[in-house]
Amino acid sequence: MDVSAPEIAYGSDVFNEKAMREHLAKDTVEALLHTMNDRAPLDPSVANEVAHAMKQWAMARGATHFTHWFQPLTGSTAEKHDAFFEPTGVAETIARFSGKNLIMGEPDASSFPSGGLRCTFEARGYTAWDVTSPAFIKRHSNGATLCIPTVFCSYTGEVLDKKTPLLRSMQAMDRATRRLMACFGETEGHAVITLGAEQEYFLVDKQHWLKRPDLMQCGRTLFGAPPARNQQLEDHYFGSIKPRVLAFMEDVERELWILGIPAKTRHNETAPAQFELAPMFEELNLAVDHNMLIMETMRNIADRHGLVCLLHEKPFAGVNGSGKHNNWSVAFNGRNLLDPGKNPQQNAIFLATLASVIRAVDLHADILRAATASLGNDCRLGALEAPPSIISIFLGDDLSEVIARIEKGKSADEGKKSAKLRIGVDTLPPIPRDTTDRNRTSPFAFTGNKFEFRAPGASQNCSTVCMVLNTIVAESMEVLAEAIEKLPADRFHEGLEKIIGAVIHDHKRVIFNGDGYSTAWVEEAAKRGLPNLRTTPEALAVQLEPQNLALFEKMGVLMPTEVQSRHDVFVDEYHRRLCLEGKVALEMARTLIEPCVITELKTLATTLQKSAAIGLTAGLSSIRDTAEQLGQGLDTIHVGCETLAKALAEENDKDVLAAMVELRKAVDAVEVLADEARWPLPKYRDILFVH
């Protein structure tokens, strides 16, 4: 961070409401806030005034350039910087930034993944200002840049980014929530979807990282024997934070503070060298933008501390991987609809919302799983506190009892903790809340007033999973609302109870409160008919099912061509990343590991030869045994390299994966035999325990 920045205060580098009121006319501020808060169309007539004020504000804070900051299908962010200054004559310049510059940009659309929507000779694409997410300043060593959050689309209008479908899904949720709430007599207001994204990550010393081609190029270790000590002593989680790491965390929080990102929690995670940063809840679109900035900030700050921030889902085998727990909820007129209420009316709304979520996750578990699919996440899901690939809902015992009784239509004083569980205004008592245990093996857990989706991986953009979640819940809300709208007024509460009970009856198979790691659950889930999409290719295939294409089109979130393009992009990305890992593993094995083992064998053979020449016999059997094991290991590595090379040449993804697994076994086996001083790679012990 440039310490010469003129002001260090929360949100001081954000063109927020405070900055707007200082630099814009009152009417213009109100028009912008109306667009931001109420999703009203932007009045184009204010663009020039806003652009001028934004430029003056940014330049006063040291910015010399501006950029449209967008989120293409690469999963990261993109930006092209343009200077404010333009030449006007000999040795003269003037700072220019018009309303047109603010509202629209034109990057090369053919250079980003598009799934065939754009070809090289069809290069034009457009970025358009997302007014709902405030502009901000990014600082670097020699200056600063004004960043304007935008959407990204092709010349022909197809969506090429991750933000546009998210915004569409938020509109779908708003429509559906309004309709559902109107059934309860609440006709005014709008929905706000909130997100709190817990970000897990690893920190490693940069000097070790530079000596690991796999970490540098793939983000994870492709080889590495498990150390004697990893996380089995359970002493790292919530442990005392080491000074070097704490200094990094404090610098990260300072930069996030200036960007208006409310970093709330920091702590050691379960695995050694693993940590977590958790922000406070924010409106969904802003929370997604902020999470992208959090990841970028952590990477930049780590470098200044001689560290590297690893955001891969499984950098190290045998210890916990890193996820991004998406804590999702929806509010209407400032009241959280997933928070059990203080009166029967609010409880009825809570149960209708809950039923919508249960129905949505049960019917669309396949596309929810597909939203988390990646090569990195395949390495993580299913063990060591990562949820399995089977999507299920955890509700806890108390809430499960409530919905079970509603399903059966019981309202007498028969419950062990509460009575009269009907939805009638006069009979439903406050529902017990936040009285259940946590289930770390559940991919989708109710945690008191929100759902925690634990399946997304640490490196993933939150927009995709939240877009899918919004879409499926909105569709279920529409279905429930349609049924509720038909109820006669004099039998409303009785009818509502039957509707919710029927939804629970039809979709309760997705509710599971037990151990998600057990083989018994895998068998039980299969009996229930729940999908178990273990790998990314399996998961991505469901995106093109006719019912899923129809769902996104019906909800106005993605057209079939846009779903197809995204599918093609993600399939291609999986293949390219897998081939990259295979090529890196092959190169490391051939150029680093095999020469090391050969040298080790030569040394042992020379020792055996010289010992025999002088008649020394003690210790020769152990040396011979070690040499024999290394020789066998070398042969296995050689065969493994040949197998992997063949799979890569044939571009057979399954064979590449299988060959990499076998090659790793062979390399890790010789690592524990070779002379440590000669081994060419920093070991897990060095990487995980040295800061």
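**Pockets, cavities and cores**

Me: Let us begin with the second largest pocket. What volume does it have?
Reply: The second largest pocket has a volume of about 630 Å³. Please keep in mind that this is a predicted model.

Me: How many residues line the second largest pocket, and which lie nearest its centre?
Reply: Its lining consists of 27 residues, and those nearest the centre are R39, D130, T132, L167 and Q171. Two or more lining residues come from each of α2 (26-38), β6 (125-129), α5 (163-182) and β9 (191-205).

Me: Which element gives the most to that lining?
Reply: That is α5, with 7 residues. By class, the lining of the second largest pocket has 14 nonpolar, 6 polar and 7 charged residues.

Me: And what is the volume of the largest pocket?
Reply: The largest pocket has a volume of about 1100 Å³. It is lined by 41 residues, and T74, S459, Q460, E573 and R577 are the closest to its centre.

Me: Where does the largest share of its lining come from?
Reply: The largest share comes from α19, which supplies 6 residues. Among the elements that each supply at least two residues are α9 (284-304), β13 (307-310) and α19 (560-613). The lining of the largest pocket comprises 19 nonpolar, 15 polar and 7 charged residues.

Me: Which residues line the largest cavity?
Reply: The lining includes I367, M467, F552, R566 and F570. At least two lining residues are supplied by each of α11 (365-370), α14 (462-485) and α19. The lining divides into 9 nonpolar, 2 polar and 1 charged residues.

Me: New topic: how many residues are in the largest nonpolar core, and which touch the most other members?
Reply: The largest nonpolar core has 93 residues, and F184, W328, L354, L395, F451, I472 and V473 touch the most other members. The element that gives the most to this core is α14, with 13 residues.

Me: What is L354 in contact with, leaving aside its neighbours within four places in sequence?
Reply: With those neighbours set aside, L354 is in contact with L338, L395, L399, I403 and F451.

Me: Which residues does the second, separate core include?
Reply: That core has 35 residues, including L586, A589, A666 and V667.

How values were computed:
Residues are numbered from 1 along each chain as its sequence is written. This is a predicted model: local features need pLDDT of at least 70, side-chain atom pairs count only at pLDDT 80 or more; totals for chains, interfaces and linings use all residues. Side-chain values use heavy atoms; hydrogens and water are left out. On a 1 Å grid over the protein atoms alone, a cavity is a set of points where a 1.4 Å probe fits but cannot get out, and a pocket is an open set with protein on both sides within 12 Å along at least five of seven lines; lining residues have an atom within 4 Å of a point. Grid points are joined across faces, edges and corners, and a volume is the space filled by probe spheres set on the points. Helices (H or I, at least four residues) and strands (E, at least two) are DSSP runs, numbered from the N terminus. Ala, Val, Leu, Ile, Met, Phe, Trp, Tyr, Cys and Pro count as nonpolar, Asp, Glu, Lys and Arg as charged, and the others, Gly among them, as polar. A nonpolar core is a set of buried Ala, Val, Leu, Ile, Met, Phe, Trp, Tyr and Cys residues joined through side-chain atoms within 4.5 Å. Buried means under 20% relative accessible area, exposed over 50%, partly exposed in between (1.4 Å probe, protein chains only). Contact means heavy atoms within 4.5 Å.
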